[in-house]
Amino acid sequence: MSGLAPRTRLAVAAVIALIVVAGGVYLLFLRGSDAKPVTEAGSRFGDDSGSRSGGTLLDALAPVLDAANASERTGSDPAPPSQDEIRRSPDDAVAGLFMVGFAGTLRDTPFLGRLATSPYGAVLLSSGNYEQPQQLSGLISKIQEVARSAGHPAPLVAVQQEGGDFNAFANLAPAGQVDVGAGSSAQIAASATAAAAQLRALGVSVNLAPNADIAVAGGPGQGRAFSDSVATVTSAVKTTVAAYDKAGVAAVVGPFPGDGAAPHDPSTGPAPVGLSIKDLRSSQMPPFAAVAKGAVAAPAVQMSNAIYGAYDGVTPATLLPDAIKELRGRLGFGGTIVSADLAATTATAGGTVGAAAIRALSAGVDMLVVSGGHVQQDEAYRAVVAAVRAGTVSAGRVADALGHIAKLRAFTRDAREPAQIR
């Protein structure tokens with residue numbers, strides 16, 4: 001802690017002392033003392049009495065973590081490179097388009113070495129990246145430290161924390177099965193607010209949630225989506241996005257244009273949605289339309305890997321220019337468009353993850369997700385760099401994508417300053 005400001009060192013010391021004293025709190029809340037399920041991240045809901053009980057150890061730590069964070073928030077991100085700069089040297093610019101995951105924990109991952117040489121735009125964390133909650137803040141701090149020591153902008157830190165069984169950090173809050181559609185707007189808001197505060201205290205800046213699917217029986221949204229009612233899902237998504245906006249953590253609403261009517265999870269293979277464009281717009285897109293623009297606008301939307309009869313019936317939406325035009329044009333979305341996991345995209349589209357990355361970027365996606373496997377990540381990165389050098393992907397398209405990502409970075413900057421716990 002020798003490099004920290006005096007006030008920060010005092011805050012960190014207070015955090016460490018509180019961790020020691022709070023052993024009983026840890027056992028009580030993280031091991032689970034409340035049998036009633038609570039909503040987490042705004043994707044599932046039930047009785048909110050659990051959130052009133054004090055939540056997790058992070059709830060107790062949050063005021064101190066925020067105090068430490070506040071003393072660390074300085075500076076700003078550099079401006080995105082110009083088209084001429086991208087043409088001359090596309091390597092770093094292209095790396096900034098990628099959201100990548102990795103295997104292992106701070107103790108044993110080789111990822112930090114790769115991060116020092118590749119200024120990725122975002123890092124996607126999962127349950128396999130930590131063993132105890134306190135390790136998360138140390139990992140996130142190290143990610144930022146490695147990037148900055150290499151002279152790179154600190155990457156966005158992302159998770160997928162939807163709620164219930166769909167949490168990256170399952171032991172950071174009580175979890176369990178809940179009845180879909182069983183929460184009031186106030187319960188959803190309180191739950192999303194608590195979840196966003198916990199993530200922000202850790203330094204997580206982006207959450208790939210809420211899920212905006214409609215819970216069609218037998219579809220991928222069943223047991224995962226807010227409800228089988230379009231109106232209920234629309235209201236819940238708006239409420240959740242508003243809560244995350246207020247906390248300064250970016251909610252990434254997805255998967256667009258909606259997987260609810262697909263026969264299964266599109267990440268497992270081709271998942272056709274046979275609705276006409278009229279039915280797709282009326283039965284699947286309203287939750288997205290509600291947060292595409294206006295007072296409660298989502299900072300980012302994630303695309304689907306499903307295929308749609310309303311378009312060409314064979315191309316995953318994350319690679320499809322017509323689907324992007326629907327979101328940008330008809331719905332008026334001006335935020336960051338995030339791809340589906342491109343490694344999973346190849347299960348439907350065929351080809352390599354590199355080809356999928358080029359197609360997604362060319363279609364209008366801004367941030368390219370390759371969640372795991374450094375071989376695939378390197379392949380995708382090299383493919384896009386080569387495409388920019390060859391002019392297959394224009395420098396203007398890269399600049400446009402980086403411009404949207406810069407807006408997302410500006411929105412989340414405070415959340416990217418984790419407390420310095422080791």
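Biologist: Ground rule: Ala, Val, Leu, Ile, Met, Phe, Trp, Tyr, Cys and Pro count as nonpolar, Asp, Glu, Lys and Arg as charged, and the others, Gly among them, as polar. By class, what residues does the lining of the second largest pocket have?

Modeller: Twelve nonpolar, six polar and five charged. This is a predicted model: local features need pLDDT of at least 70, side-chain atom pairs count only at pLDDT 80 or more, and totals for chains, interfaces and linings use all residues. Residues are numbered from 1 along each chain as its sequence is written, and side-chain values use heavy atoms, with hydrogens and water left out.

Biologist: What counts as a pocket, and as lining?

Modeller: We use a 1 Å grid over the protein atoms alone. A pocket is an open set of points where a 1.4 Å probe fits, with protein on both sides within 12 Å along at least five of seven lines. Lining residues have an atom within 4 Å of a point.

Biologist: How much space lies in the second largest pocket, and which residues lie nearest its centre?

Modeller: About 510 Å³. That volume is the space filled by probe spheres set on the points, which are joined across faces, edges and corners. Pro78, Ala79, Pro80, Pro81 and Pro153 lie nearest the centre, out of 23 lining residues. The largest share, five residues, comes from α17. Helices (H or I, at least four residues) and strands (E, at least two) are DSSP runs, numbered from the N terminus.

Biologist: And the largest pocket: what volume, and how many lining residues?

Modeller: About 730 Å³, with 34 residues lining it. Gln160, Glu162, Arg224, Gln302 and Asp341 lie nearest its centre. By class, the lining has 16 nonpolar, twelve polar and six charged residues.

Biologist: Which strand gives the most to that lining?

Modeller: β7, with four residues. Pro255 is in that strand, and the Gly254 to Pro255 peptide bond is cis, with omega near -5°. Phe256 to Pro257 is cis too, with omega near 5°. Pro257 lies in the loop between β7 and β8.

Biologist: Back to Asp341. What does it cap?

Modeller: The N-terminal end of α14. A side-chain oxygen of Asp341 lies 3.1 Å from the backbone nitrogen of Ala343. Just after α14, Gly350 takes a positive phi of about 75°.

Biologist: Is α14 mostly covered or mostly uncovered?

Modeller: Mostly covered: six of its eight residues are buried. Buried means under 20% relative accessible area, exposed over 50%, partly exposed in between (1.4 Å probe, protein chains only). The buried residues of α14 pack against β10, β11, α15, β12 and α16.

Biologist: α16 holds Gln377. Buried or exposed?

Modeller: Gln377 is buried because its relative accessible area is 1%. A polar atom of its side chain lies 3.1 Å from the backbone oxygen of Val370. Not counting residues up to four places away in sequence, Gln377 touches Val100, Gly101, Arg114, Val370, Ser371 and Gly372. Contact means heavy atoms within 4.5 Å.

Biologist: Last topic. Which residues have the most contacts inside the largest nonpolar core?

Modeller: Leu97, Phe98, Leu125, Phe169 and Leu368, in a core of 105 residues. Such a core is a set of buried Ala, Val, Leu, Ile, Met, Phe, Trp, Tyr and Cys residues joined through side-chain atoms within 4.5 Å.

Key. Polar contact = N/O pair within 3.5 Å; in protein donor to acceptor, adjacent residues only side chain to side chain.
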